[in-house]
Amino acid sequence: RDLVRSRGLGDVYKRQLDDFDENFVDRVADPVEEGQGILCEVCYCEYKVEDFFSLSCKHTFCVNCQADHLKTKITNGQAMKLPCMQQGCKEHYTLE
């Protein structure tokens, strides 16, 4: 959050980062034993199905990796257009 203030990104980014922290970052998925869950193609850990999230593009990643991805984008001032984690995908996160 200090980075957001130091770059002068304004109240919009700070509000989005605060909302993001309250609604998503606190959720942490715990890996399951190998063969007992679904593999995340980013961190290569297996998680329960409910520990995954996908956009309308159907690219699915664990909530841990997505939280890290979104937090990085928001902190870097890219909160207005948060892209899917899949390289080349044109889908973006929305508030809906």
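Author: A residue is called buried when its relative accessible area is under 20%, exposed when it is over 50%, and partly exposed in between. The model under discussion is predicted. By that criterion, buried residues make up 32% of the 96 residues in the protein.

Reader: What pattern do the helices and strands follow along the sequence?

Author: The protein contains three helices and four strands. Read along the sequence, their pattern is α-α-β-β-β-β-α.

Reader: Which element has the lowest mean pLDDT, and which has the highest?

Author: Across the protein the average pLDDT is 77, and 71% of the residues score at least 70. Over residues 1-10 the pLDDT stays under 50, and for this stretch the model has 16 contacts beyond four places in sequence. Among the elements, the lowest mean, 36, belongs to helix H1 (residues 2-6), and the highest, 94, to strand S2 (residues 46-47).

Reader: Which element gives the most residues to the largest nonpolar core?

Author: The largest nonpolar core has 16 residues, and those with the most contacts inside it include Cys40, Tyr47, Phe52 and Cys62. Strand S4 (60-62) and H3 each supply at least two residues of this core. The element that gives the most, with four residues, is H3.

Reader: How are the rings of Tyr47 and Phe52 arranged?

Author: The structure holds two aromatic pairs. In the pair formed by Tyr47 and Phe52, the ring centres are 6.2 Å apart and the planes stand at 70°. Both residues are buried. Planes over 60 degrees apart count as edge-to-face, so the pair of Tyr47 and Phe52 is edge-to-face.

Reader: How are the rings of Phe53 and Tyr93 arranged?

Author: The ring centres of Phe53 and Tyr93 lie 6.3 Å apart, with the planes at 10°. The threshold for stacking is planes under 30 degrees apart, so this pair is stacked.

Reader: How many residues apart in sequence are the parts that the pair of Phe53 and Tyr93 ties together?

Author: Phe53 is partly exposed, with a relative accessible area of 34%, whereas Tyr93 counts as buried at 15%. Phe53 lies in strand S3 (residues 52-54) and Tyr93 in the segment after H3, so the pair ties together parts whose separation in sequence is 40 residues.

Reader: With which side chain does the side chain of Gln66 make a polar contact?

Author: Gln66 is found in helix H3 (residues 63-75). Its relative accessibility is 2%, and Gln66 therefore counts as buried. At 2.4 Å, the side chain of Gln66 makes a polar contact with that of Tyr93.

Reader: Is Cys45 buried, exposed or partly exposed?

Author: Cys45 lies in the loop between strand S1 (38-39) and S2. Leaving aside neighbours within four places in sequence, Cys45 is in contact with Pro31, Ile38, Leu39 and Cys40. Its relative accessibility is 27%, so Cys45 counts as partly exposed.

Reader: What is the phi of Tyr44?

Author: Most residues other than glycine have a negative phi. Tyr44 lies in the loop between S1 and S2 and counts as exposed at 60% relative accessibility. Its phi is positive, near 60°.

Reader: What is the phi of Lys58?

Author: Lys58 is placed in the loop between S3 and S4. With a relative accessible area of 63%, Lys58 is exposed. Lys58, a residue other than glycine, has a positive phi, near 75°.

How values were computed. Residues are numbered from 1 along each chain as its sequence is written. This is a predicted model: local features need pLDDT of at least 70, side-chain atom pairs count only at pLDDT 80 or more; totals for chains, interfaces and linings use all residues. Side-chain values use heavy atoms; hydrogens and water are left out. pLDDT is the predictor's confidence in each residue, from 0 to 100. Contact means heavy atoms within 4.5 Å. Buried means under 20% relative accessible area, exposed over 50%, partly exposed in between (1.4 Å probe, protein chains only). A polar contact is a pair of N or O atoms within 3.5 Å; within protein, one must be able to donate a hydrogen and the other to accept it, and residues adjacent in sequence count only if both atoms are side-chain atoms. Rings of Phe, Tyr and Trp (its six-membered ring) pair if their centres lie within 6.5 Å; planes under 30 degrees apart count as stacked, over 60 as edge-to-face and the rest as tilted. A nonpolar core is a set of buried Ala, Val, Leu, Ile, Met, Phe, Trp, Tyr and Cys residues joined through side-chain atoms within 4.5 Å.
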